[in-house]
Amino acid sequence: MMTTRELGRSGLRVSAMGLGCMGMSEFYGAADEAQSVAAIHRALDLGMTLLDTADMYGVGRNEELVGRAIAGRRDGVVVATKFGNVRGPAGEFLGVDGSPAYVREACEKSLRRLGIATIDLYYQHRVDPNVPIEETVGAMSELVKAGKVRYLGLSEAAAATIRRAHAVHPIAALQTEYSLWTRDVEDEILPAVRALGIGFVAYSPLGRGFLTGAYAAPGDIPEGDHRRNMPRFQGENFVKNRALVDVVREVARKHGATPSQVALAWVLSRGDDVVPIPGTKRVAFVEENARALDLRLDAADLERIEAAFPRGVAAGTRYAAAGMAALDR
């Protein structure tokens, strides 16, 4: 069985690697429910207990998909979902809402879509700049008291925000982007969560697929895939970033591994309190990613990777302007 990691000092133990489910319903090309359910089932069979979704993925459809996939297999599954990014019925983005009334409403809807009685880990997806974090987390803590949620989390929150939130109710996990080409959390955020005993869940640990080496040119990204709108996947930025992947490939060849496994092994090496959640909708990639847990990068590998991937090395911001503006920094 897969090893487990405790999220900080929260008491919540999860598989050392989780499964990000977002791309099963939206953003990364066409959806295929049968394929996605098979991927979730394979992840569970491999001991990957942490499943990550959000109410905004597919405008609720992703939670419904996860709910159908875990029906009859609820025991042992750690269901993590998120609220706060509001979308209209046509999928339009309507901003961020951290108001207590919205917290309660969003939780009820997520529970219904997932078909479960309790959410194991409930994140605020983005910090609402118009609502004090104390009010939002206060409302989230009421959900814990009511038995509707077990543990609380934040996503893409600044160190000061995390401290304020944690003073209201223990925060079990912070979920934020972290990978070889996104390392800004190492400056303030990782030290802050470690000081508070909060676990770190790393999303996009494969750089949205870029670090797998699967893309040789921007045109390799399918039409309708939202990565086409992301600065790191465009023009000159793409060309500069592609050179970084060559180093990952060389380390992978040395170990008889894949670039994906090297990128994930690096994230896993950052500490026992770090849990990556690579996303995929394919069984083969679930299996490939899980094997990264057996890959041990030696000092020479880590030194080589460090030289190639200093903080801030990636060309382009990780989101377009609107996405960057939504980050609490």
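**View 1. Asn-62 in helix α2.** Asn-62 lies in helix α2, residues 61-70; helices (H or I, at least four residues) and strands (E, at least two) are DSSP runs, numbered from the N terminus. The model is predicted: local features need pLDDT of at least 70, side-chain atom pairs count only at pLDDT 80 or more, and totals for chains, interfaces and linings use all residues. Residues are numbered from 1 along each chain as its sequence is written, and side-chain values use heavy atoms, with hydrogens and water left out. Asn-62 counts as buried because its relative accessibility is 0%; buried means under 20% relative accessible area, exposed over 50%, and partly exposed in between (1.4 Å probe, protein chains only). A polar atom of the Asn-62 side chain lies 2.8 Å from the backbone oxygen of Cys-21. Not counting residues up to four places away in sequence, Asn-62 touches Cys-21, Met-22, Met-24, Ser-25, Thr-53 and Tyr-57, where contact means heavy atoms within 4.5 Å.

**View 2. Arg-73 in the loop between α2 and β5.** Arg-73 is placed in the loop that runs between α2 and β5 (78-83). With 29% relative accessibility, Arg-73 counts as partly exposed. Its side chain makes a polar contact of 2.7 Å with the side chain of Asp-45; a polar contact is a pair of N or O atoms within 3.5 Å, and within protein one must be able to donate a hydrogen and the other to accept it, while residues adjacent in sequence count only if both atoms are side-chain atoms. Leaving aside neighbours within four places in sequence, Arg-73 is in contact with His-41, Leu-44 and Asp-45. His-41 is 32 residues from Arg-73 along the chain, and their C-alpha atoms are separated by 9.1 Å.

View 3. Eight strands form an open sheet with parallel pairing, in the order β3-β4-β5-β8-β9-β10-β11-β12; two strands pair if DSSP finds at least two bridges between them. β3 (19-20) and β12 (274-276) each have a single partner strand, so one side of each is left without a neighbour in the sheet. Helix α6 (residues 189-196) packs on the sheet and touches β10, β11 (199-203) and β12. The direction of α6 makes about 145 degrees with that of β11; axes are lines fitted to C-alpha atoms, for helices over the stretch in contact, and angles run from 0 to 180 degrees between N-to-C directions.

**View 4. The pairing of β9 with β10.** Strands β9 (residues 149-155) and β10 (residues 171-177) run parallel and are joined by four bridges. Gly-153 stands opposite Ala-173 in β10.
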